[in-house]
Amino acid sequence: MRDILVGVSGASGMPLALCLLRLLAAMPDVRTHCIVSSGAAAVLRAECDAGPELLTTLADACYAADDLGAGPAGGSWWRRGDTPAAMLLVPCSMGTLGALASGATRNLVQRAADVALKESLPLVLVTRESPLSAVHLRNMLTLREAGAVIMPFSPGFYLRPQSLDDLLAQTCGRIFDQIGLPHNLGRWTGSETARPR
Ligand SMILES: Cc1cc2nc3c(=O)[nH]c(=O)nc-3n(C[C@H](O)[C@H](O)[C@H](O)COP(=O)(O)O)c2cc1C
């Protein structure tokens, strides 16, 4: 069993978080944990006309974003399984990115990501903002240097997605690659998938 913590913050991209949690729920060897920030709840309403339950019901465990005493707020929670936990922050807002880069975390999404950093455990930040200011870029560099994977939500079209669902699933596959989670969601294999002349 591998514990994967999905943090959802208030950037655009709730359909990606939904797709990710659905895919994780279908993985028998994964125990999924979920935290939804209050910013994310507002974006969920705007993008999916839904409340946090849309996401939290897909996880094996969920935690309130203001519960700074919950397991993921402490280092030992991360190492209780055979394999240490990993965190996917999908999507990651610039607000959460800035809080993490400064170390001044204010909710459980941010605190959990801060713990992953201090414990040198896998942390993937799927950022969503455009264009990026110099502050955003500096924060990304700071966090990359601290050990996080910075993965802007930036779909590739070389796998030829036929629908939005395809495109989201392919993006999830690339996120899973970053933490070594096996999947069959497509991967660029060079000339095999290139358009024949
Ligand atoms: C509909 C909507 C879309 C938003 N999209 C983004 C976005 O793509 N990127 C971003 O950094 N912030 C975005 N924001 C702003 C954040 O939600 C806001 O900064 C919030 O305070 C972030 O809080 P959190 O990081 O604790 O979730 C959006 C807000 C709303 C209401």
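Predicted model: local features only at pLDDT ≥ 70, side-chain atom pairs only at ≥ 80, totals over all residues.
The cavity comes first. The count of cavities of 30 Å³ or more comes to one. The volume of the largest cavity is about 60 Å³. Its lining is made up of P155, G156, Y158, L159, L167, Q170, T171 and R174. Of these lining residues, four are nonpolar, three are polar and one is charged. Rolling a probe the size of a water molecule over the atoms shows where empty space is left.

P155 is one of the lining residues. P155 sits in the loop between β6 (149-150) and α8 (164-178). Its relative accessibility is 28%, so P155 counts as partly exposed. The value falls between the limits of 20% for buried and 50% for exposed. When neighbours within four places in sequence are left aside, P155 is in contact with L167 and T171. Both L167 and T171 also line the largest cavity. D60 lies 95 residues from P155 along the chain, and the C-alpha atoms of P155 and D60 are separated by 28 Å.

Aromatic rings were examined next. The structure holds three aromatic pairs. One of them joins Y63 and W77, with ring centres 6.4 Å apart. The planes of these two rings stand at 90°, so the pair is edge-to-face. Y63 belongs to strand β3 (residues 61-64) and W77 to helix α4 (residues 75-78). The pair thus links distant parts of the chain, 14 residues apart. Y63 has 19% relative accessibility and therefore counts as buried, because the limit for buried is under 20%. W77 counts as buried too, because its relative accessibility is 10%.

Y158 and W188 form another edge-to-face pair. Here the distance is 5.6 Å centre to centre, with 65° between the planes. Y158 lies in the loop between β6 and α8, and W188 lies in the segment after α8, so the pair ties together parts that are 30 residues apart in sequence. Y158 has a relative accessibility of 39% and so counts as partly exposed. W188, at 45%, also counts as partly exposed. Y158 also belongs to the lining of the largest cavity. Y63, W77 and W78 form one aromatic cluster.

Strand β2 (residues 30-36) contains T32. The relative accessibility of T32 is 1%, so this residue counts as buried. Neighbours within four places in sequence again aside, T32 is in contact with I4, V6, L21, L24, A25, A59, D60 and A61. D60, in this list, is also the residue whose C-alpha atom was compared with that of P155.

An α-helix has 3.6 residues a turn, so residues three or four places apart point the same way. The N-terminal end of α5 is capped by S93. A side-chain oxygen of S93 lies 3.3 Å from the backbone nitrogen of G95. After α5 comes G103, whose phi is positive, near 80°.

Definitions and conventions. Residues numbered from 1 in each chain as written. Heavy atoms only, no water. 1 Å grid on protein atoms, 1.4 Å probe; cavity = no way out; pocket = protein on both sides within 12 Å on 5 of 7 lines; lining within 4 Å. Points joined across faces, edges and corners; volume = space filled by probe spheres on them. Nonpolar A, V, L, I, M, F, W, Y, C, P; charged D, E, K, R; others polar. Helix = DSSP H or I, 4+ residues; strand = E, 2+ residues; numbered from the N terminus. Buried < 20%, exposed > 50% of the residue type's maximum accessible area, 1.4 Å probe, protein only. Contact = heavy atoms within 4.5 Å. Phe/Tyr/Trp six-rings, centres within 6.5 Å; stacked < 30°, edge-to-face > 60°. Polar contact = N/O pair within 3.5 Å; in protein donor to acceptor, adjacent residues only side chain to side chain.
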